[in-house]
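I opened this notebook to record what I looked up on charged side-chain pairs and on nonpolar packing. The entries follow in the order in which I worked.

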Amino acid sequence: MADNEDNEDIKRRRAQEAASIFRRLNENPADEQALQDRDAFLARGEAEQKIYAQMTRALSAAKMGMAPKPKAPKSPLVLVFFIVLGAALYFGYEPAFIALQADARTELEAQSFDLISGDMVILDASTALADETDGTIRQVRLLKGAAFFDVNSEPRPFAVVVDGLTVEVLGTAFEVSKFNESISVSVAEGRVTVRIGVETWTVQSGQRLTLDDNRQVFTEESPENNIANWRDGFLVTDGMTFGEVAEVIDRRLQGPILILDDDLANTRVSGRIDLSRPIITLRALAATKNGTVRSIWGLGTIVTGD
């Protein structure tokens with residue numbers, strides 16, 4: 001469906017790719033590989049052409065607003081500005097389909113909600129869900145972000161649906177999170193059944209199931225005290241990638257975080273990080289990987305490698 005195609009996670013990845021190509025061409029307009037990558041990117045469709053055009057317009061606007069200085073070198077901050085501005089224009093403050101569908105959503109802080117079924121959910125910052133409960137089933141659809149569910153035991157099953165994955169339980173406590181195109185289910189109490197297509201998995205207390213970007217499934221141990229610890233203002237990274245950690249931090253910042261270095265985004269990080277000071281934490285984490293963080297006037301944040 002068109003709504004699914006334009007979800008925030010896909011848009012973020014598309015914007016990062018466009019920004020990376022734009023940066024390379026700004027540094028060297030004759031870069032043949034970058035020119036080929038640009039042409040291939042634009043050939044993919046209207047959405048790619050839209051984000052690239054918006055970055056072009058943002059650059060033009062930035063140049064028009066600057067006094068001419070013929071002999072002065074281009075400031076890298078100008079490049080950062082138009083990349084972030086283009087991405088901010090592209091993303092907007094909230095995809096329209098999420099705003100229309102959501103029955104509960106948060107902005108820059110986590111918040112608890114009572115569902116129609118009487119069960120309780122805690123939504124992480126910048127998270128949204130639709131409550132689809134009726135007389136026969138307790139069901140919610142996670143639209144973006146991360147949620148911790150505390151489900152009562154009763155005859156009606158409880159289900160969480162997210163991007164082709166369904167978590168089914170009768171009564172337990174568990175977390176469901178979206179990271180770009182991957183999904184993870186972590187169980188704090190009891191057990192849940194995860195269904196993807198015709199296949200099912202049972203996930204026990206202290207375990208996590210992950211459906212990765214390539215639609216591959218794997219399970220691993222996940223200590224109960226590491227599950228949804230964003231509720232207490234911190235995150236145990238537990239082998240997450242820098243990009244996944246940045247996405248959790250991104251939920252607490254105005255505007256998107258764009259990582260322009262794939263190697264940095266895919267680097268595994270370990271440790272406990274403070275979510276109460278998101279931009280300071282992001283800068284400190286990037287510095288340990290020789291990365292640089294630039295924030296532009298509340299529009300968004302750019303992360304580059306060494």
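**Entry 1.** I began with the pair aspartate 119 and arginine 138, whose side chains meet in a salt bridge at 3.1 Å, N to O, in what is a predicted model. I then looked up where the partners sit: aspartate 119 lies in the loop between strand 2 (111-114) and strand 3 (120-123), while arginine 138 belongs to strand 5 (residues 138-144), so that the pair links distant parts of the chain, 19 residues apart. For accessibility I took under 20% relative accessible area as the cut-off for buried. Aspartate 119 is buried because its value is 0%, and arginine 138, at 0% relative accessibility, counts as buried as well.

**Entry 2.** I asked which residues are linked with this pair in a network of salt bridges. I found that Asp119 and Arg138 are joined in such a network with Glu154 and Arg156.

**Entry 3.** Next I turned to arginine 251 and aspartate 124, whose side chains form a salt bridge at 2.8 Å, N to O. Arginine 251 is in the loop between helix 7 (242-250) and strand 16 (257-259), and aspartate 124 is in the loop between strand 3 and strand 4 (128-131), so this pair ties together parts that are 127 residues apart in sequence. I noted that both arginine 251 and aspartate 124 are buried.

**Entry 4.** My search of the whole structure gave eleven salt bridges.

**Entry 5.** I then moved to nonpolar packing, and asked how many residues the largest nonpolar core has. The largest nonpolar core has 29 residues, and those with the most contacts inside it are Phe148, Phe242, Val245, Ile249, Ile259, Leu282 and Val303. At least two residues of this core come from each of strand 6 (146-150), strand 9 (173-179), helix 7, strand 16, helix 8 (262-266) and helix 9 (278-288). Helix 7 gives the largest share, five residues.

**Entry 6.** Last, I recorded that another core, of 28 residues, lies apart from the largest one, and that Leu142, Ala147, Val167 and Ile196 are among its members.

Methods:
Residues numbered from 1 in each chain as written. Predicted model: local features only at pLDDT ≥ 70, side-chain atom pairs only at ≥ 80, totals over all residues. Heavy atoms only, no water. Salt bridge = Lys/Arg side-chain N within 4 Å of Asp/Glu carboxyl O. Helix = DSSP H or I, 4+ residues; strand = E, 2+ residues; numbered from the N terminus. Buried < 20%, exposed > 50% of the residue type's maximum accessible area, 1.4 Å probe, protein only. Core = buried A, V, L, I, M, F, W, Y, C linked by side-chain atoms within 4.5 Å.
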